[in-house]
Number of protein chains: 2
Amino acid sequence: MTPLKIGATIGILGGGQLGRMLGLAGAQLGFDIHIFEPEPDCPAGRVAARCVTAPWDDRAALADFAAQVDVITFEFENVPLESLAFLAALKPLRPGTQSLTLTKDRLIEKQFINSLGIATAPFVAVDGPDDLRPALAALGPNGILKTRQLGYDGKGQMRVTPNADIGGLATLLADQVWIYEGLVDFEREVSVILARSLTGEIVHFDVTENVHQRGILNTSRVPAAISSDLSERAKTHAATLAVQMEHVGVMAVEFFLTRDGSLLVNEIAPRVHNSGHWTQDGCHICQFQQHMRAVAGWPLGDATRHAPAIVMTNLIGEDVNLSSDTLAQEGVFVHLYGKREARAGRKMGHINTVIDTPHK
Amino acid sequence: MTPLKIGATIGILGGGQLGRMLGLAGAQLGFDIHIFEPEPDCPAGRVAARCVTAPWDDRAALADFAAQVDVITFEFENVPLESLAFLAALKPLRPGTQSLTLTKDRLIEKQFINSLGIATAPFVAVDGPDDLRPALAALGPNGILKTRQLGYDGKGQMRVTPNADIGGLATLLADQVWIYEGLVDFEREVSVILARSLTGEIVHFDVTENVHQRGILNTSRVPAAISSDLSERAKTHAATLAVQMEHVGVMAVEFFLTRDGSLLVNEIAPRVHNSGHWTQDGCHICQFQQHMRAVAGWPLGDATRHAPAIVMTNLIGEDVNLSSDTLAQEGVFVHLYGKREARAGRKMGHINTVIDTPHK
């Protein structure tokens with residue numbers, strides 16, 4: 001449990017934008033960063049001391065990767081559990097496999113959340129086509145079918161409405177296991193980003209208010225327009241989940257705030273999260289540095305917000321081609337991911353806009 | 001003069017901590033970074049997409065480096081001018097060779113500064129041992145001998161006092177050309193960091209107050225304890241120099257403030273500067289991002305200071321082994337350079353301490 005030495009090497013599984021921003025934050029603290037990523041020429045690999053390009057099930061490559069690092073973390077939860085378990089036997093893995101086991105399958109995740117007395121949207125398992133009609137009968141015809149694993153940014157989800165073609169829908173369910181979630185009439189979506197250290201210390205960032213469009217996060221805004229009581233409840237729920245997961249590092253908990261004032265957990269992300277990107281320009285220590293500190297076994301840092309208010313806006317697809325006017329705009333801070341192709345629906349970068357800057 | 005495209009490649013000459021922090025800032029903006037550095041395993045190379053390890057006079061390596069980047073900049077002024085001129089013929093070099101020509105030789109630099117009506121300490125050229133006694137006779141026996149080129153962090157300097165062994169000193173002067181500077185009885189040292197864009201736009205950071213120990217910068221503090229009139233004069237002088245140099249990018253001007261209220265330029269650094277490291281935690285856009293924006297031909301960013309007051313402290317040699325208490329201290333932000341050996345006198349990192357954080 002001794003903190004990682006100055007200049008040690010941190011391995012990151014996954015080479016996308018989250019891995020890239022984790023790598024940049026780790027480098028600021030003097031660490032060497034190694035990346036493991038199946039796709040060649042990944043964004044994180046281009047800012048790392050070493051990048052291993054190999055499939056997740058390449059045991060030799062995984063072992064070689066582990067041999068050259070002091071500790072391992074991941075940028076996303078879709079690394080196969082077998083690969084993680086293999087690595088965890090070779091080097092410290094932070095967070096541990098438990099954080100993944102409890103969150104990567106939506107059914108297990110929701111059962112875990114409910115078991116702690118924390119509410120979610122109503123849900124039932126849909127193991128195959130035959131389970132669809134009973135699910136609709138139980139929760140009503142307005143809801144969402146979600147794959148139990150591997151969904152993100154609205155992928156692996158289907159909206160169900162009263163006039164849906166149930167027979168047609170059912171045929172789409174054959175290859176995977178699903179859950180059916182009753183639709184929640186929510187007023188707002190908020191999220192809590194926190195970090196938990198190796199010694200169990202927890203530091204929260206301020207609660208963030210999120211707006212999604214077509215299943216992809218569009219903006220995050222701080223401070224969230226909710227009462228301090230609700231904000232404290234959300235933080236307490238997130239801390240309860242982190243402690244039960246024995247999580248080490250940053251994690252995010254997304255909530256629906258319903259019109260009657262209830263907080264329902266939508267999803268746990270056992271990692272740095274898009275809705276925490278505002279911390280890069282709103283706080284002294286951002287979510288990425290906080291995660292690297294936790295992974296290194298360092299004490300967590302000062303997550304104080306210094307911006308009075310800030311909005312993060314994702315740059316999707318061609319949005320990345322910012323105008324000179326935007327680049328020159330006061331209070332606008334640009335973060336781009338170095339992705340080669342601006343495909344539609346792809347997260348290419350984000351901008352943080354500070355709304356009212358003090359000390360002018 | 002069109003701005004560099006999103007995802008273009010910026011080459012940096014020099015792979016030390018300044019190159020590393022420039023690289024990290026460029027990566028945040030989505031650029032690929034290539035480093036050219038004679039020393040293997042350099043700090044900047046470990047956060048770059050490519051690192052060329054070759055001597056400064058290896059024309060083939062320089063040409064290959066230039067071929068793979070869109071624009072070239074440098075982290076320090078001791079790159080040989082011939083190498084820079086060679087590269088400038090192949091790709092845009094920002095700042096250009098003129099910024100180097102006017103600042104890398106102390107005699108030329110001071111003559112340039114004086115030619116613009118801006119004061120320096122009194123100086124005379126000392127081309128060899130025979131020039132020493134006349135120099136002392138002209139400016140008095142209290143002063144500093146400095147090599148005209150390649151000095152930094154107090155290296156290449158000798159203090160002269162009334163009881164110095166002049167004959168012994170003279171024998172040390174044979175191999176190089178020097179200048180002799182009359183000692184200035186200064187009250188404070190301050191510096192101005194500014195950026196000048198490709199279109200001539202100039203953005204200043206706040207004036208910084210610096211304390212050196214044994215020739216190495218120890219602390220920088222903002223705001224400097226000087227009048228706003230003096231602060232404006234310092235900024236105006238720095239802007240005059242930048243315009244005359246046709247500088248593109250960040251540069252620093254160090255001043256002595258004498259007891260009678262005069263501002264004397266001590267030195268121009270045509271690059272990012274140690275006394276601007278506070279901007280990383282005191283401003284929304286730090287000197288490193290500002291430089292990369294200028295080099296990319298982008299508009300300069302918002303350099304507003306958001307911290308009410310901030311002190312940068314260099315970590316020299318073993319200082320880098322920070323205690324857990326320091327790592328955990330509120331308002332303390334750590335930057336380490338990934339250097340392998342903590343040799344005495346070597347800059348290993350720095351910490352920025354925000355003195356009074358608003359919005360707690």
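Leu87(B) has its place in helix α3 of chain B, which covers residues 81–88; helices (H or I, at least four residues) and strands (E, at least two) are DSSP runs, numbered from the N terminus. This is a predicted model, in which local features need pLDDT of at least 70 and side-chain atom pairs count only at pLDDT 80 or more, while totals for chains, interfaces and linings use all residues. Residues are numbered from 1 along each chain as its sequence is written, chains are lettered from A and ligands numbered from 1 in the order in which they are written, and side-chain values use heavy atoms, with hydrogens and water left out.

Is Leu87(B) buried or exposed? Leu87(B) is buried, because its relative accessible area is 0%, where buried means under 20%, exposed over 50% and partly exposed in between (1.4 Å probe, protein chains only). Not counting residues up to four places away in sequence, Leu87(B) touches Leu13(B), Leu62(B), Ala66(B) and Ile72(B), and contact here means heavy atoms within 4.5 Å. Lys347(B) stands 260 residues from Leu87(B) along the chain, and the C-alpha atoms of the two are separated by 29 Å.

## Two copies related by an axis

Chain A can be laid on chain B with an RMSD of 0.0 Å by a turn of 180° and a shift of 0.0 Å along the axis, when the copies are superposed by least squares on the C-alpha atoms of residues with pLDDT of at least 70 in both. That is the relation of a two-fold axis. The same surface serves both copies, since 100% of the contact residues of chain A recur in chain B.

Which residue of chain A comes closest to the rotation axis? That residue is Val47(A), whose C-alpha lies at 2.2 Å from the axis. Val47(A) is also among the residues touched by Arg46(B), together with Asp32(A), Ala48(A) and Ala49(A) of chain A and Arg20(B), Asp41(B), Gly338(B) and Arg340(B) of chain B, not counting residues up to four places away in sequence. Arg46(B) is found in the loop between β2 (32–36) and β3 (50–52) of chain B, and it counts as buried because its relative accessibility is 8%.

Two packed helices are described by the angle between their axes and the distance between the axes. In chain A, helix α1 (residues 17–28) and α10(A) pack at an angle of about 70°, with their axes 8 Å apart; axes are lines fitted to C-alpha atoms, for helices over the stretch in contact, and angles run from 0 to 180 degrees between N-to-C directions. That makes α1(A) roughly perpendicular to α10(A), a description used for angles of 65 to 115 degrees, whereas those under 35 count as roughly parallel, those over 145 as roughly antiparallel and the rest as oblique. The contact is made by Leu18(A), Met21(A), Leu22(A), Ala25(A), Gly26(A) and Gln28(A) of α1(A) and by Phe288(A), Gln289(A), His291(A) and Met292(A) of α10(A).

Helix α10 of chain A, residues 287–295, is mostly covered, as nine of its nine residues are buried. After α10(A) comes Gly297(A), whose phi is positive, near 75°. In chain B, the axes of helix α1 (residues 17–28) and helix α10 (residues 287–295) come within 8 Å and cross at roughly 70°, which makes α1(B) roughly perpendicular to α10(B).

Most residues other than glycine have a negative phi, and most peptide bonds are trans. A cis peptide bond, with omega about -5°, joins Arg94(A) and Pro95(A), and Pro95(A) has its place in the loop between α3 (81–88) and α4 (97–101) of chain A. In chain B, a cis peptide bond joins Arg94(B) and Pro95(B), again with omega about -5°.

Glu246(A), a residue other than glycine, has a positive phi near 50°. Glu246(A) is placed in the loop between α8 (228–245) and β13 (249–258) of chain A, and it is exposed, with a relative accessible area of 56%. Asp41(B) likewise has a positive phi, near 55°, and is found in the loop between β2 and β3 of chain B. With a relative accessible area of 43%, Asp41(B) is partly exposed.
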